Amino acid sequence: MVTVKPGIQHGDLKVKGKFDDLREGEAVTLQALPSEVNFQYEKGSLKSFNPSQEPLSLDVTDKGNGEFTFPMPAHDVTVVCAFEEKLFTLTLLFDVARGRIAVDEADKLHLGPEIKFWVDAKVNNRLVPGSRKAYKSGAPQPAVPITPSIDAYTLTMPPYDVLLTCEFEAVNPEPPTQV
């Protein structure tokens with residue numbers, strides 16, 4: 001028999017198909033299912049124990065997407081796994097010669113926090129109107145709303161990587177006026 005150890009946080013481990021009356025060598029399939037969109041199976045966290053709760057080494061095959069198989073041992077087995085929070089990346093794309101985008105937290109981001117950013121054009125340059133856009137990484141159309149505020153802009157980090165872009169253009173400086 002295959003038993004899932006209770007108390008797994010942020011997800012569940014399910015035995016697909018039958019879990020009792022298994023013969024030695026019969027294929028057992030497990031599915032690690034996160035219970036929240038911002039969590040994922042923690043790679044390498046699948047553990048197994050014999051009936052005495054001593055660690056057990058199984059010949060586990062990782063099928064991807066949180067699915068695993070192993071041949072049933074000669075005795076009952078208890079399995080457990082862990083889930084970890086997904087981290088998302090905010091990538092900035094702009095012409096550094098003409099301006100910059102500055103962000104509070106640009107390295108690894110959790111789902112949902114409001115990200116505040118600033119756009120600054122260098123001297124004799126300006127932000128092209130309407131060029132601030134946030135895309136789901138790899139997508140052709142902007143997908144993440146940007147909200148302007150008095151001194152900055154904000155976006156709420158969605159459950160995927162984001163590409164934040166803007167364009168700058170040169171402006172002709174006003175010639176000095178002679179008095």
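Residues are numbered from 1 along each chain as its sequence is written. In this predicted model, local features need pLDDT of at least 70, side-chain atom pairs count only at pLDDT 80 or more, and totals for chains, interfaces and linings use all residues, while side-chain values use heavy atoms, without hydrogens and water.

**Exercise 1.** Compare the radius of gyration of the protein chain with that of a compact globule.

*Solution.* Take the radius over C-alpha atoms; the globule rule is 2.2 Å times the number of residues to the power 0.38. For 179 residues the rule gives a value near 16 Å. The protein chain has 26 Å. Next, take the spans of the C-alpha trace along its principal axes: about 100 × 25 × 25 Å.

**Exercise 2.** State the secondary structure and the buried share of the protein chain.

*Solution.* Count DSSP runs: helices are H or I of at least four residues, strands E of at least two, numbered from the N terminus. The protein chain has 0 helices and 18 strands. Then apply the burial cut-off, under 20% relative accessible area with a 1.4 Å probe, protein chains only. Of the 179 residues, 34% count as buried.

**Exercise 3.** Characterise the aromatic pair of F117 and Y153.

*Solution.* Rings of Phe, Tyr and Trp (its six-membered ring) pair if their centres lie within 6.5 Å; planes under 30 degrees apart count as stacked. The structure holds 2 aromatic pairs. F117 and Y153 lie 5.5 Å centre to centre, with 25 degrees between the planes, and are stacked. F117 sits in strand β12 (residues 114–121) and Y153 in strand β16 (residues 153–156), 36 residues apart. Both F117 and Y153 are buried.

Technical notes
Buried means under 20% relative accessible area, exposed over 50%, partly exposed in between (1.4 Å probe, protein chains only). Rings of Phe, Tyr and Trp (its six-membered ring) pair if their centres lie within 6.5 Å; planes under 30 degrees apart count as stacked, over 60 as edge-to-face and the rest as tilted.
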